[in-house]
Structures are given as structure tokens and as C-alpha cells.
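Here is a short report on one protein chain. Look through the structure, then read on.

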Amino acid sequence: MKISFTPRWILLICLLLARLAGTAQDSASIYTAQLLQPSADSVRTHAIGRLAALRIPATFPLLMAINDKKLYLLDQKAVTIDSKPSGEGTYRLYTLYPENTLMKNSSGQPLLFPLSALQAVDIPRGDRLQLAGIASLLNLYSNDAQKRILAYTQLKNTGDSSAQQLLQDALARETNTDASRTGKDVLYAAKLHGATNAANAKAYIDSITDNWSDNAPVLLRSYAKSGFFNQEVATYAAEKAASLEKRYDGLQRIQNFFSGLSLGSILILIALGLSIVYGLAGIINMAHGEFMMIGAYTTYCTQLFFTNVLGIPQTDFFFIAALPISFVVAGALGLLLERLVIRHLYAKPLESLLATWGVSLILIQTARLLFGDLTAVKTPLLLTGGWQVSPHLTLPYNRLFIIALTLVMVLLTYAMLYRSRLGLQIRAVTQNRQMSACLGIETRRIAAVTFFIGSGLAGLAGCAITLVGNVVPDMGQTYIVDSFLVVVTGGVGKLAGTILSGLGIGFFTKVLEAFFQAVYGKVFILVFIMLFMQYKPKGLFPDKGRIAED
């Protein structure tokens, strides 16, 4: 007998399905009420078991809160909290059933509550064990993106059609890019292994290729080796895997180039002041790295001032304020060093080296006594994360900021040296101190101002480096050798040489580290510079004429 699906039949079927869905939803509401306010322990145990068996997505946040022991009541309403506090012992709250949403106040800001204001719902371990079989499904609805990624991974190659449907529902509400890519990868892989013909298999292979998660080449090569349909499909999967690996290698080269550019920017920022001071006075300032450390600790103190004194814990303005403050503080201490020590050692390079090395040890120990061995500056929210150029190429905002800051400081330094009267006097004293004095230039004042600027630039570099690392007393020792290599390789007192050599050393360091260990990469850099100095002993941009002969 042939059945004709008339509009009346279709309407009847839709009403039946809606009735079944409504019945399941009503059952979930009943079991949820029995769970939160049970008349007996056995009632709660039965309710949890039935909710686990029904697998209704709307109840998953509630069951996950039970499984994680984070179920609370607020005004008789089931809520849960973030994994970490948002403030001083306060947490953001989320409703659990029938909707899983962030709770906000009248002004649209997240509600923050201490745990003492919430009533904890204690679920015995025996009841929680009923959720073990669906734990991976529960995490699909977690508020933590990392837990969702783990849940997607645990469903890899699942053949359960109901689990695949839950996976699709979870992906429909996914907001995190990495989690979405991982989940789609798992879903496409499951569909690929369940494909019934070669055309569908190729379509899912294309979907995996377009999604391009971290595991995509491995999945495709594994599928190619299995030869699930025929050699044509296996070859197609292997070709797609090879194309992804080739694209990944190309992006890694771009990533290494960017890493080298950011390292070179840091070296330029540190070496700018050293190049000016070294070129002007011929002083080998071994304490230059410690002025960078002073700038870093100045940034840390600025953060403490905003947090503890001004009472503004959540602000990025402290870092903006720390930039000029670190320059001024480091510059003032550099000026003090020049007045007390360096001024008496201009004609004594060896003595100046030993004296500034002693000063560096004093500064390191003083910082250790005042601040301890390890502190850190909180990265401004504006500079967290990165610019995702492609699925496997992300440029961190903090390093982009360092590159931009270096560019600005290079332009300002150039304008100061070549477009101002002070710069003209600095270049004159650098080239010939005696002749400049005869022309009426106060060489001691110029030397003091130059030390202020050079030390201030080092302090500014220290402020920038807090974005990429911790603040430790001997952090300047990490960069001082590379800074001298930049100055000597580029040419003493030469701005263009400092820029080119800084970028070159930073770039080749990262390239060599990609092929060798960091220690061996540094050795190769040193060997290369030694060979280079044999042929260009005065750097990339040596002085010419009578100055070079002097």
C-alpha cells in the first residue's frame, strides 16, 4: 500500500515530534527540581540517572556543574562559577537551566559574588559516578574553551550518531576559533570514516583541508594509509596532507621572520643608547643592561602604584604611564653615574670597563634585595592575544607593539641627531672632542645629556621587555653582549649600522635556532661576527677621511 504524505500527515508528524520534545523537556524540568530539592536521597540519585540517560543538551551545563562539584544555589536558582576568580575572591556566575547564560547586573556588567554568598549543593560521589559515561559530552557545553577542545578531541572517530548530533549542536553555538576548528576537525573525520562512497569521502577530505586544524595532516595521512575505498581516494588524501604540510612550512618561515624582526627590534631599542654613548665618549658601559633592568622595575613599581595606591587594579593606563617614567628614571640614574664615575674615566677605556662592571654588580644586588629574585608585570589587556593572519600564523600584539615602539624611537633618535642643534653638537663631539671644545661646545654638558638619553633609551627598552618576559635582577646580562655585538658590527655611533646589525643578528639568531639548539645558534652567530670583523673591523658603516685615520 502506497502512503501519500499529504499536508495533513506532515502537520500530524510535526505535532507528534513537538509533543515528544516537549515531553522530554518537561521530564528534564521535573528531574531538575527533584535534583535540587529532593525529598529523599534516592529521589536525587534517580533524577541524576534519568537526566544522564535522556542526554538533553539543555541539561548538560547542570550535569557538568555536578560533575565538577561547582553547583550552587542563589535565591533557589541553580548557578555555577568560573574556574578562576575574577576579582578579590569573587566569581562570575552562570545560570544552568533552562538556559546557560552569564548573569549580569542592570548596567550590563557581569555579576560578581563571593563563595560565601552562595549555597553549595553537595552531590555524593556515588551520584556523580552516574555521569562518568557522558563526561566527554558534558564538557561540550563548558564555559572553558580548553575543556571544550578536550571534549571535541575525546569524540574523535566516534561512530555514535547521537554523539555526532550533539557535536553538531555544540559547534553551532561555539564562539572560540580554536575550539571550533578542533570540533569541526573531529566531526569531519567521523563523517569521513562513515562515508559510503568515494565522492562523499573526497568531500569530507576537502572539508578537513579547508578547516586545517593542527591534526589535519595526521588524519589525512592515516586515512590514506588505510586505503578505505580505493587507491584514488587514498592518493587524494595524501596529496591534501602534503599540501597542508607545505603551507605550514611556508607559514613557519614567516613566523621565524617575524620572531627575528621582534628580537632585532628589542636589540635595536637597547643598543640605540649604547651606540650613542659608546660613539660619543668611547666608554664601554657594562652597566648599560642594568639601566634596562631599572626601566623594567620602574614599570613594575608603576603597576604597584596604580593597584595599591590609586586603587585601580584593572587598567592599561599604568603601562602607558610607565613608558615615559621608565625613560626619565633610567636617564636620571645614568646622568648620576656619569657625574660620579664616568666623567673621570673618559680617557681610560679599561678602567671605565671595570668601573661600570662593578656598578652593574651593585645595581643587580640592590634590585635583588629590594624586589627578590622574580617579579612580573601584568600584560595590558589591549596587548594580550594576537593578530591571526591565518589558522597557523598569529602575530602577538605585544611583539607588534615592541616593533612599533622601536620604529618610533628610531625616528625620534634620527630627528634628534640630524634635525636639531643638540644632535649637531653630539655628532661634533663624537667626531672630534678637542675641536668641538675649541669651537665653544660644552663637551661635558653634551656628554651628560647624551648619557641621560642613552640610559633613558635603555630604560624604555626595559619597559617594553616586560611584555615578553619576567623581571629579574640580572635580566640586563642577557642582552648586554648582544647589544655590544650590534654596536660593534654596525659601526660605532652609526644609527643606520645599529638598525641593520640589530635586525640582522635578531633574524639570523631565530633562523639558526629553528635548525639547531639555541646554544649552537648563538655560537654560529658569534663565529660569523668574528669572521665578519676580520674583513670589516670598523663595522658596516666605518668613519671616512681624517676621522677614520684618527
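## Overall make-up

The protein chain has 22 helices and seven strands. Both are DSSP runs, numbered from the N terminus: helices are H or I with at least four residues, strands are E with at least two. This is a predicted model, in which local features need pLDDT of at least 70, side-chain atom pairs count only at pLDDT 80 or more, and totals for chains, interfaces and linings use all residues. Residues are numbered from 1 along each chain as its sequence is written, and side-chain values use heavy atoms, with hydrogens and water left out.

## Burial

Of the 550 residues in the protein chain, 42% are buried. Buried means under 20% relative accessible area (1.4 Å probe, protein chains only).

## The open sheet

Five strands form an open sheet. Their order is E4-E3-E2-E1-E5, and the pairing is antiparallel. Strand E4 (112–114) and strand E5 (119–120) stand at the edges with a single partner strand each, so one side of each has no neighbour in the sheet. Two strands pair if DSSP finds at least two bridges between them.

Strand E2 (residues 77–81) and strand E3 (residues 90–95) pair over three bridges, in the antiparallel sense. Which residue in E3 is the bridge partner of Thr80? The partner is Tyr94.

## Transmembrane regions

An unreviewed UniProt entry places the feature "transmembrane region" at several spans, including residues 317–337 and 446–472. UniProt positions follow the numbering used here, feature names are shortened, and annotations may be inferred rather than shown by experiment.

Residues 317–337 are 100% helix and 0% strand, with end C-alpha atoms 30 Å apart. Residues 446–472 are 74% helix and 0% strand, and their end C-alpha atoms lie 32 Å apart.

Conventions:
Buried < 20%, exposed > 50% of the residue type's maximum accessible area, 1.4 Å probe, protein only.
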